[in-house]
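My entries follow in the order in which I looked things up.

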Amino acid sequence: MSDQSMGDESVDEATGVPGTPRRRGGKPSEGQPVIDRAFALLGAFDSDHRAQSLGELARRSGIPRSSALRLARSLVQVGALERLDDGRFVVGLRLLETASLAPRGHGLRAVAMPYMEDLFHVTRQHVLLAVRDGGEALLVERLSALDAGPVRYRVGGRLPLTSTGVGLVLLAFAPTAVQDEVVAAYEPAQGPDEVRTPDDLRRVLAEVRRGDHVFGRQGRPWPVSTVAAPVRGGGEVVAALSVVAPTTGFADAGYGPAVRATARAISRRLEEEGRRAGA
């Protein structure tokens, strides 16, 4: 981060450490840290807002325009953002380079990809791999046939824990506190068609833990079904794998055994990699 981007904060002259931010026009009164504002700016981008003007960035991030400009310029300097000829900002390649080092992302993906490709060739549908990040699932990889039905989620996008197969698996094996929070906030429209109440959701999560997989279906916005299973590493669930396909013919397609076998194969490989790393 350049010195310019930190110009709205006071600095301890002895240590050089940013201190209590100065109260100046348009700046956050409580002194939101620069790193928080930088991530708020980056968080303004999504699949529907890939290129944004300065005004759009300021509005969507909630950061005053002058501060947004300083932050955006600093992020451009380090490659986290890029600026198009028309003045709009887009996410920079530096973020892709950095994200590729995440062990729960690229490392997991590298191990799982050969098995996912086999599952994809067998099913010719959508094959998803996701990890839990707080109260959401994060899609690490997706393989999709050209003639597969529509799917709403992109790689790097976030999925609800209660309305997706991978989400339900991750929620079922999440810490109790996470489960309690999600269940308490559950509303019928958030989950599969057969899950109408918080008690229904708890029942489904218990079934996932007993059977080590989940089947689910939704009729909105189009009829799709899914089967998902946990992927384990280091003795705990680290990811979830699923196939998503049109509901018609889903029950007879044999997706369940294929997904469960693939998840177990990825788990074995992760355990092997873990043992080698610890040797």
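**Notebook: the sheet and its helices**

I began at a turn. E10 and E11 form a hairpin with two residues between them. Gly234, in that turn, has a positive phi of about 65 degrees. The element names are DSSP runs numbered from the N terminus, with at least four residues for helices (H or I) and at least two for strands (E).

I noted the ground rules next. This is a predicted model, in which local features need pLDDT of at least 70, side-chain atom pairs count only at pLDDT 80 or more, and totals for chains, interfaces and linings use all residues. Residues are numbered from 1 along each chain as its sequence is written, and side-chain values use heavy atoms, with hydrogens and water left out.

**Confidence**

I checked pLDDT, the predictor's confidence in each residue, from 0 to 100. The chain averages 80, and 80% of the residues score at least 70. Helix H6 (residues 165-172) is highest, at 95, and strand E1 (residues 9-11) is lowest, at a mean of 34. Over residues 1-30 the pLDDT is below 50, yet this stretch has 48 contacts (heavy atoms within 4.5 Å) beyond near neighbours in sequence. Where pLDDT is low, the predicted coordinates should not be read in detail.

**The sheet**

I traced the strand order. Six strands form an open sheet, E8-E7-E6-E11-E10-E9, with antiparallel pairing. Strands pair if DSSP finds at least two bridges between them. E8 (158-160) and E9 are the edge strands, each pairing on one side only. Neighbouring strands are turned by 35 degrees against each other on average, direction ignored.

How many bridges join E10 and E11? I found 10, in the antiparallel sense. Val231 stands opposite Ala239 in E11. On the E9 (residues 214-218) side, E10 pairs over five bridges, and Gln218 has Val224 of E10 as its bridge partner.

**Helices**

I then looked at H6. H6 lies across E6, E7, E8, E9, E10 and E11, running at about 155 degrees to E11. Axes are lines fitted to C-alpha atoms, for helices over the stretch in contact, and angles run from 0 to 180 degrees between N-to-C directions.

The contact includes Val183 of H7 and Leu205 of H8.
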